[in-house]
Every structure is written in C-alpha cells, then in structure tokens.
Amino acid sequence: MLRSLALGTALIWGSALSAQTIDDAVTTFQLGNGMDVVVIEDRRVPVVQHMVWYRAGSADEPVGESGVSHFLEHLLFKATENLEAGELSATVAANGGRDNAFTSWDYTAYFQRVAADRLGLMMQMEADRMVNIRLTERDIVTERNVIIEERNQRTENNPRALFSEQMNAAQFLNHRYGVPIIGWMHEMETLDMDDVMSFYRTHYAPNNAILIVAGDVDPEEVRRLANIHYGAIPANPDIAPRVRSTEPPQTAERRLIFRDARVAQPYVQRSYLAPERDPGAQEKAAALTILAEVLGSGTTSYLVDKLQFEAQVAVFAGAFYRGVSLDDTTFDFVVVPAPGVTLQEAEDAMDAALAQFLIDGVDADQLDRIKMQLRASEIYARDNAEGLASRYGSALTSGLTVKDVQAWPGVLQAVTAEDVVEAARAVLRREASVTGWLMQAEEAMQ
Amino acid sequence: MMKRVLAAAFACVLALPAWAGVQIREVTSPGGITAWLVEDHSIPFMALELRFRGGTSLDAPGKRGATYLMTGLLEEGAGDLDARAYARALESLAASVDYDASDDDVSVSARFLTENRDEAAALLRKALAEPRFDEDAIERVRQQVLSGLRSDLADPNDIASAAFSAMAYGDHPYATDGKGTLDSVAALTRDDLVAAHRGALARDRMFVGAVGDITAEELGALLDKLLGDLPETGAPIPGPADVVIEGGVTVVPFDTPQSVAMFGQVGYPRDHPDFFPAFVLNHILGGGGFESRLMTEVREKRGLTYGVYSYLLPKDLAAVYMGSVASASDRIAEAVEVIRAEWARMASDGVTPAELDAAKTFLTGEYPLRFDGHGRIASIMTAMQMQDLGINYIATRNDKVEAVTLDDVARVAADLMKPDNLHFVIVGQPAGF
C-alpha cells in the first residue's frame, strides 16, 4: 500500500502558477494514433486531474437505444481483460484518489483526481478500459437496475425534470437532442449486451478520444507516458465523422402544458432554437452569451428589472444559453410568477419585456459591467485547473479547436450593443420556439 | 450531465481541515480582529470567508426564518445604495459575494480582484454593517423564500429531512427548518430582521479566513475597515439539543414512484475522543466511495439504488449519525433490510484489517486533493477555527487517521453503532411497510 507523497512534506503554498495567462499554461499535441492531448500546467499543488473525453454522447446513439452511452459509461467500471470489476476505482482509492465519469449529448468523459506521481498508473488503467472491457450478463442486469434507479431519482421523482424532457422533445423535431441523455425509461429497460458492445466498438478508440491532463505535470513527461499507455492502442480506421440528422426549418410555434400533483411552484419556460459556437465562427454565439447576461442573470438584468422590480409579476426571471454544443442549441427563459399572477400573465409580461428590449437596445453601462465581469472570470478561472480541463474537454468534443477556446474571451470582448440586439432579433422567432407551462394537477387547483 | 454517482449530500466535518502543504499564518489586525491567512500572489485576486456562529438557531421564539431572510437581504440595498444600485456597483468591480445561513452559522464568501480590492471591501462593509432592509426589498425576497418553501413541501428529500428533524430534536431550533414556515415567514416584520441582523453579525462569534494576493499588513487594515463597525456582542446561542431517536420506520405517504429514505441514530460530537475511529469506521460503512459496504451491498450487488451513503453529522449543538437511500417503491423494503443488516454487522464484527488499511490509505492520500482553490481553502480555514482545531492541526491530521487501530474501531463499533435505535423515515409509497 502506498502512502500519499504529501504526507509530512511541508510544501510551500504559493510557489506560483508559472504562467501569467491561461493560454501560456496550455500545451497541445497529438499521438501517432490520432489521440489528441491537452496539458494544463498548474504547479501549486502536487495533484493531477486525468481525463479522457470521447467524441460520443447520447446524441450519437442508434434509434431505439436511448441511454446506451450512459449505460456503457457505468459498465466501464466493471471488469476488463486485466482488471476485476470495481478494481479500477478501488485502485484509485487505494492511491488516495477519487474517480468518476459523466455523459452528455455530445461527449462521455472519465476522470481521476490523484497525487501527480500516480499519473502513469491512471493512464495504464484508462487505456485498458478503452478497448478491453469484459462484461457478464449479470453486470447488464444489475447495472441496468442501477441506471433505472438513477432515472427514478433524477427524473421520475422530479416534475421539473419531467417537464424539461417534454420541452426538449418538442423543441427538436429531428435531432437527438430531443431525447434525454439518460434515455427514455421504456428503451432503457430493453438495453442489452449487444447494444452496449456495439456502441463501445463503434466509438471507443484513441482517434475518437481526447486526453486532458491538468495540474502539477510537465508536458514532456505527459507526452512520454501517453505514448507508452495510449500510443500503444492502434487507431480504429472505422471511426467515421459524426453525422447526425439535422433540424428541418422550424415553422410552427409549439405550446405544451405539463401537469403534476407534485408541482408546488408553477412556472413558464420558453426555449428558442439557437446557433451554437462553431469553429472559426463564434461571433453569433458570443452575442447570444452576452444577450443571456443582459436579459436574465441577476438583479441588474433587463427581465429582472421589468418583471421583478417594476411590474412585480415574478419572483424569479432568468435567461440561459449554452453555446458549447456540436449542433444547434437552445436559448431559454424561465419566469416564476408572483402569487396571484397567472402563467398567462407572466408569459405576456415576459413577451412585452422582450419586445420592449428590442426597442430599447442594450444599456452601455450594463454592457461594460458584463465585459468587466467576463475579463475577471478569466482571472478567477486560473485558480481552477479542473474547470479549465472541462472547458477544453467539452469544447473539443463539440467541434471546436484549441484555437477557438483561446480566441473565445477576445470574441466576447468584441461584441457590440448592436450585435446583441441583432442576435436577439435572429433568435427570438416564435415559430422556432416552445412555450411550456408547468402546473399543478387540475384537482389540486380548486 | 449524468455523473456516475451524485456527490454525497453532506460533507463530513473531517473533510474540512487543511493539509500539510498549506502555510497558514495567524494575523491580528491593529483593531484586534484575528484571521487566518494563506498568501499566494500568483493570481491577482483574493478569497475572503467570514463565518458568524449561531446562524438560524438564533431565531427568536415565533420568528422562525428571520435569520435566513435577513441574510438574503444583506445585499438587497445597503448604505446609500438601493438593491439595484448596489448590484451595479458590485458588478462594475467584478467582485462576487455569496451569503448563506445554516443551523450553525451565517457565512459570507467573497472574491475580490487585487486591482479594486479596497473598493470591493468597502461595498461589502455596507452590506454587513448598513443593510437597509427596505420594505420593497423585504417583500420581494420574502416572496422568493415562500416560493422555495412551497417547493420544499413537495420535495421528497426535504419532506424526509423535515420529518426526521422533527422527530429527533424535540423543542430545539434544530427540529424545524431554519428557512421558517409559510406562516412564520409571512409574519416577519422589518423590526424582526433588524433584530436578527443585530443578533447574528457580531464580532464575538466571528471567524475569518483569507487566501490569495494580499499581505498580512494589507489584510489587517482591510479587516478593520470591513468589520470594525460590527457590534461587539450578539444574541445568546441556544444550549445543546436533547437528541432522542428510537428504532423503527416512519412512512410519510407521498405519491411519487421512487421512495426516499433518510435514516439515523445518535452520533459523536466533533470533540469526542473517539471521533477519528468513528470517522474511519463510517468511511468503510458508507462514506461515499464505490467501495463502501453499503454501496457494495445495496448498489453493486443488488442494483437497488443509484446511491446510498452514511455520514457523521456533528453539529454545534447536537451530534447524529445519518444516511440516505432512494429506491423504487417495490424495492425500498429490501434496501432498508440490507442497510439494517450492515448496521448490525458493523456493531458486532467491526472491520477487517484490510478494510482499515484501505480506508487509511484513501483518507490520508485524498487529503491534499481538497485544496483546490482559494475559496475552498478560505472556507476550510474558517471551519477549522470554529471547531477549535488549532492552526497546527494540519500537520497532525493524517497522523490521527494513521493512529486508528482495529481495537479502536471495534470499541467504537460496539459503542456508537445502535442497530436497534436506527430509525428510517421513508417518503413515498413504499411496499412492505
């Protein structure tokens, strides 16, 4: 058993991040088999975050097998040719580390956080399960029950999550973003060994993966170790470009009502189909990112001002935009009405405010404050190597490049007030929108 | 995003102290305010953590929720600035401040850029020392709190937590939610909030941690300006709770597909001489890793749940040993049975040498991983002060874990574990109860 290297060692806190900006701390290269590598140096603590991100998520699943990418993620903690079931996590724990994994529409990622001198061992085990898993029928049955309980916990027990699924399903007419990441229950119940192994063989290969190492590491040492452990795995020549069904023109406004006896606080939600960050063309997404800040992020934002302070028809108003996405994403609003205000009144007030915003435009002082905060966020980000690792991982699995990631803060600063209003006009199209009301069950309303 | 395991809902108190690598220095300001400081000039900002002992337990009789609502109003108008003017001022400095009120403290977590640190601190001073409690702000934030309370009443986790607290803590403040009730919050007046502010934010219960781009001298001057105007003394903190937990199952009927269970018994306080053996024991039983006995038996072998955890919860005024699990209504009975069996097995058999070794290796090795960022370290340092662990605790903490023997764990297993007094509160429509 190993003891932690940090034990009893008086390390000097404040021996400094060597780099003065984030970009200076980042090194990127590619292995001979096509695996991309990003190294982020943060030498302040003798700890490393080791992550492998696959360019495969729930939106890459075959029709009828929703949830298989996430199911596979769970099963990668079972046995491989070289490891017993659970041995990988147990080994990480025995080295004083933590491990976990997560799945989204566009990616699946696995990570360990551990003392920096254990990096080689982590790579050895992660490389092993990239190509060597050995599952049993019992694994399938038991772990399928676990993911069903996970869906019960996250979704079935939560009317807001059920409502959100219905909103997404209505928003995307032809794209897999309309299917929940965890899967529809009736399809999860039928997932089997063939479904899992087929997804594994199709997507898990070094030339479909990105290695991200953040922390107290030397890029040349990472290259050496990565070549030993990941470089030994041959590229899969069958890895194909990601081809997804795309949205047809959206021409009909959609409205839905979700009723549930467990709803205590009704609210209205609106989503609009919106462009995402594209490689070399992030300007529209940058304007939408700032639009979300201008309209609905806290006390000074436009909707909060109009709905919470002036008209006092809402207890909460917010706007949300997630620009990192392989395909078209959404721009969302939520308004929680004040007591005595109907959902119709809340929705009408929101629409009136949005219409007025297109006339008023962006307050110059507000735009300055938002840009100041975005600049500051780059300073704060240097304190969080894990956050930087995820910034690169999510971007690179969503079609962006390292250059795009590093250009992004500058693109945000270049956005003008006119850009923001233009982006709002382009996105706020009712025919590409879904409006949902989350309501109490009818009997509960009397 | 679908994490493989939800983060354990409660960080154990032992997860708070710091590790050997951090060089903490105690600073006393010219005005007599003590703070713990970790200097790090590599990034031009600092994190500042303030905690005021007492928290929502200071609520006066009939005024439940006053401290919580007061805390939510601190930055909704202060000094010469109304809520919106205050928010604009804070944004223009790109500073951030989070406020929270829990059973045991009010906490303030701030981040200041070096370039405008003094201006940001001056703004925070207004919120702490001169909150306006304007009537329109009170109504606005009151409605937000009431909206949250209505949601809690329909959330199985919140229902379970409320039912367990009501059962365990008698007439102590811990027995009810610090956010208050729909009725108590509706009745709070501006005078109640002014009194809650005067009682909670006082220097006699204040703890300070600072990390980042600031020297000791600069910090002393900053603290005197920031906190010097606060009253010397605050409201009396209530005495300890008389915790009574009897074995059994309480079902709270609620129409939802998955039943949520919260279980617990009495625990050890943080200063109990056997707290470390208990901490190691709990790690083995249900401490959050995939390898814990509860995860192995309930999830990995039987697929009965997505997550099952246990945790020691030594609060300032009571100590309990708690856990949680969630399973479909027709499977929760089996999960409860397995958890009961593991509780009894631990009480009678203790742990194996291999389990003890693995737990110690993990717990000592994982210690440095907690120091990921200025804010986190500032928070750890204030918790250390509140628990009276001493500034040198860091260097000896892992030795205390290493010193735990099989005999220690066996003694604790026999003394702490009370399988007959383990009580389950189940919210849902569980079959078999």
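Predicted model: local features only at pLDDT ≥ 70, side-chain atom pairs only at ≥ 80, totals over all residues.
Q: How do I describe two packed helices, and at what angle do α1 and α7 of chain A pack?
A: Two packed helices are described by the angle between their axes and the distance between the axes. Here, helix α1 (residues 68–75) of chain A packs against helix α7 (residues 193–203) of chain A at about 90°, with the axes 9 Å apart. Angles of 65 to 115 degrees count as roughly perpendicular, so α1(A) and α7(A) are roughly perpendicular to each other.

Q: Which residues of α1(A) and α7(A) meet?
A: From α1(A) come V68(A), S69(A), F71(A), L72(A) and L75(A), and from α7(A) come D195(A), V196(A), F199(A) and Y200(A). By class, this contact has 7 nonpolar, 1 polar and 1 charged residues.

Q: At roughly what angle do α9 and α12 of chain A cross?
A: The axes of helix α9 (residues 283–296) and helix α12 (residues 364–381) of chain A cross at roughly 120° and come within 11 Å. The two helices are therefore oblique to each other, and their crossing is right-handed.

Q: Now the sheet: what is the strand order in chain B?
A: Strands of a sheet pair through backbone hydrogen bonds, either parallel or antiparallel. In chain B, an open sheet of 5 strands runs β9-β13-β10-β12-β11, with mixed pairing. β9 (248–253) and β11 (308–314) of chain B are the edge strands, each pairing on one side only.

Q: In what sense do β11(B) and β12 of chain B pair?
A: They pair in the antiparallel sense, over 7 bridges. To find one of these strands by residue, look at L312(B), whose bridge partner in β12(B) is Y321(B).

Technical notes. Residues numbered from 1 in each chain as written. Chains lettered and ligands numbered in written order. Heavy atoms only, no water. Axes fitted to C-alpha atoms, helices over the stretch in contact; angles between N-to-C directions. Helix = DSSP H or I, 4+ residues; strand = E, 2+ residues; numbered from the N terminus. Parallel < 35°, antiparallel > 145°, perpendicular 65-115°, else oblique. Contact = heavy atoms within 4.5 Å. Nonpolar A, V, L, I, M, F, W, Y, C, P; charged D, E, K, R; others polar. Left-handed = near helix turned anticlockwise from the far one by under 90°. Pairing = 2+ DSSP bridges.
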